[in-house]
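Dear colleague,

Please find the structure below, handed over for your records. My notes on it follow directly after.

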Amino acid sequence: MATIKERVDRLEKLMAELIKAQQRTELELERLSKEMIEFKEENRKQNKEMNKRWGELANKLGTIVEDIVAPAVSPVIKQYFNCEIDDLQVNRKKKDIKTGLKDEFDVIAVSDDCKTVFLVEVKSTPKIDYINEFKDKKIDRFLALFPEYREYKLIPIFASLRLEEDIINYLTKQKIYAMAYKEWEYMDILNFDKIDN
């Protein structure tokens with residue numbers, strides 16, 4: 001039978017082992033807590049980066065039609081209007097500080113020799129409402145925001161990748177040029193001969 005001293009020694013030894021085990025557990029929990037914090041931080045950074053990329057992709061998809069139409073503007077204008085473009089601006093934003101009037105214009109093509117500015121509205125999904133907004137409001141806002149072009153002839157062009165016949169007919173009635181792919185081969189003005197120049 002063990003003596004009291006042996007029992008006390010065994011208990012002290014057991015207590016020392018429990019204390020060491022508790023310390024190891026605390027160290028392990030601390031390590032796991034740090035890893036969890038690092039994991040959350042890394043996950044937050046990855047989410048932020050992914051959201052940024054999604055945002056960039058969404059913005060790119062929003063301007064992809066403009067990116068396709070814009071390079072075709074100068075050659076189409078040269079072909080139909082025989083005007084050299086001196087200044088081509090894409091996604092041009094402007095704000096009048098005095099009045100607070102502001103707008104963004106998809107494509108502005110200026111020919112100084114022809115004294116003409118071509119205002120191109122680009123839509124991925126053409127609708128009558130968009131055409132009405134363009135002719136009834138956007139053109140006036142353009143002239144208000146760019147008074148330097150008031151002496152220039154303004155030619156409105158409504159562009160998309162594809163335009164249905166009813167949209168082309170409506171544009172023609174509004175005396176707005178319709179620009180889109182012709183048989184998916186090249187960008188073209190589809191109602192040029194139907195509008196008086």
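In these notes, buried means under 20% relative accessible area, exposed means over 50%, and partly exposed lies in between (1.4 Å probe, protein chains only). The model is a predicted one: local features need pLDDT of at least 70, side-chain atom pairs count only at pLDDT 80 or more, and totals for chains, interfaces and linings use all residues. Residues are numbered from 1 along each chain as its sequence is written, and side-chain values use heavy atoms, with hydrogens and water left out.

By these cut-offs E165 is partly exposed, its relative accessible area being 47%. E165 belongs to helix α3, residues 165-173 (helices are DSSP runs of H or I, at least four residues, and strands are runs of E, at least two, numbered from the N terminus). Its C-alpha atom lies 22 Å from that of A70, 95 residues away along the chain.

There is one disulfide (a pair of cysteine sulfur atoms within 2.5 Å) in the structure. It joins C83 to C114, with an S to S distance of 2.2 Å. The pair links distant parts of the chain, 31 residues apart: C83 sits in the loop between α1 (4-81) and β1 (87-95), and C114 in the loop between β2 (102-111) and β3 (116-122). The torsion about the S-S bond is about -110 degrees, so the disulfide is left-handed. C83 is buried at 4% relative accessibility, whereas C114 is partly exposed at 28%.

Finally, K138 is located in helix α2, residues 128-145, and is buried, with a relative accessible area of 10%. The K138 side chain reaches the backbone oxygen of E104 at 2.7 Å.

Yours sincerely

Notes. A polar contact is a pair of N or O atoms within 3.5 Å; within protein, one must be able to donate a hydrogen and the other to accept it, and residues adjacent in sequence count only if both atoms are side-chain atoms.
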